[in-house]
Amino acid sequence: MGTVTLGVSIAVPEPYGSLLQQRRAGFGDAAAHGIPTHVTLLPPTEVDAGRLPEIRAHLASVAAAGRAFPMRLSGTGTFRPLSPVVYVRVVEGGEACARLQQHIRDASGPLERELQFPYHPHVTVAHGIAEEAMDRAFEELASFEAAWTVRSFALYEQGADLVWRKLHTYEFGGCGSSRTVPAQGSPLDSPTPAS
């Protein structure tokens with residue numbers, strides 16, 4: 001049956017998601033259009049395709065136990081020189097993200113894995129590009145602000161073309177019929193983000 005590469009993340013809603021994706025592309029990051037703007041909960045993980053039903057059930061269980069929480073992004077940070085990444089900072093909602101990712105990677109579930117670096121919730125806006133472009137990303141998005149209520153997370157699969165595609169959205173148990181984060185490119189009634 002082979003393997004698939006999966007990831008789990010929280011989508012950044014519109015208009016922020018597309019704005020940050022466009023800015024990332026504008027800084028020269030060729031991967032920008034293949035990666036929806038997100039906060040990672042499970043980094044790219046190769047699994048046996050036959051385990052997908054078990055993985056879906058596990059994620060549904062994690063989501064059922066979860067509750068909506070506020071998320072706020074503000075300003076920029078970097079992992080340089082350890083890793084060539086510039087990101088927008090998660091200044092509210094980070095603890096909730098940390099708990100979620102621990103439940104997703106729990107040793108009793110099908111997605112147990114060690115992380116290369118300690119978990120640090122963030123939104124990547126530049127990765128592996130020229131230092132000058134990384135500096136631009138850091139400076140130009142320093143005043144970026146966004147806030148919303150997180151009501152779900154999603155499972156993504158990376159295709160052979162390196163594009164990440166959503167397989168399923170998992171709404172938190174306490175969300176009822178609340179509206180989920182729309183796909184990037186869909187309008188959402190939100191204030192215009194600072195840039």
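Predicted model: local features only at pLDDT ≥ 70, side-chain atom pairs only at ≥ 80, totals over all residues.
**Exercise 1. By about how many helical turns are arginine 136 and glutamate 140 separated in helix α4?**

Residues are numbered from 1 along each chain as its sequence is written, and side-chain values use heavy atoms, with hydrogens and water left out.

*Solution.* 
- Step 1: Find the spacing. Arginine 136 and glutamate 140 are 4 residues apart in helix α4, so about one helical turn separates them. Helices here are DSSP runs of H or I with at least four residues, strands are runs of E with at least two, and both are numbered from the N terminus.
- Step 2: Look at the side chains. Those of arginine 136 and glutamate 140 meet in a salt bridge at 3.0 Å, N to O. The term asks for a side-chain nitrogen of Lys or Arg within 4 Å of a carboxyl oxygen of Asp or Glu.
- Step 3: Arginine 136 is partly exposed at 35% relative accessibility, and glutamate 140 is partly exposed at 32%. Buried means under 20% relative accessible area, exposed over 50%, and partly exposed in between, with a 1.4 Å probe and protein chains only.

**Exercise 2. Work out which residues are linked with glutamate 140 in a network of salt bridges.**

*Solution.* 
- Step 1: Take the second partner. Arginine 23 forms a salt bridge with glutamate 140, and their closest N and O atoms are 2.6 Å apart.
- Step 2: Arginine 23 sits in helix α1 (residues 16–26) and glutamate 140 in helix α4 (residues 131–140), so the pair links distant parts of the chain, 117 residues apart.
- Step 3: Arg23, Arg136 and Glu140 are linked in a network of salt bridges. The structure holds 9 salt bridges.

**Exercise 3. Trace what arginine 80 does in its loop.**

*Solution.* 
- Step 1: Identify the partner. Arginine 80 forms a salt bridge with aspartate 135, with 3.0 Å between the closest N and O atoms.
- Step 2: Locate both residues. Arginine 80 lies in the loop between β3 (69–78) and β4 (85–92) and aspartate 135 in helix α4, so the pair ties together parts that are 55 residues apart in sequence.
- Step 3: Arginine 80 is partly exposed at 21%, and aspartate 135 is partly exposed at 32%.
- Step 4: Follow the backbone onward. The peptide bond from arginine 80 to proline 81 is cis, with omega near 0 degrees. The bond from glutamate 14 to proline 15 is cis too, with omega near 5 degrees, and proline 15 lies in the loop between β1 (3–11) and α1.

**Exercise 4. Describe how helices α2 and α3 pack.**

*Solution.* 
- Step 1: Two packed helices are described by the angle between their axes and the distance between the axes.
- Step 2: Helix α2 (residues 52–65) and helix α3 (residues 94–104) pack at about 145 degrees, with axes 10 Å apart. Axes are lines fitted to C-alpha atoms, for helices over the stretch in contact, and angles run from 0 to 180 degrees between N-to-C directions.
- Step 3: List the touching residues. His58, Leu59 and Val62 of α2 meet Leu100, His103 and Ile104 of α3, where contact means heavy atoms within 4.5 Å.

**Exercise 5. Decide whether leucine 20 is buried or exposed, then do likewise for leucine 162.**

*Solution.* 
- Step 1: Leucine 20 lies in helix α1 and is buried, at 2% relative accessibility.
- Step 2: Not counting residues up to four places away in sequence, leucine 20 touches Thr37, Val88, Val123, Val125, Leu141 and Phe144.
- Step 3: Leucine 162 is exposed, at 57% relative accessibility. Leucine 162 is found in the loop between β7 (152–158) and β8 (164–171) and has a positive phi of about 70 degrees, although it is not a glycine.
- Step 4: Of the 195 residues of the protein chain, 45% count as buried.
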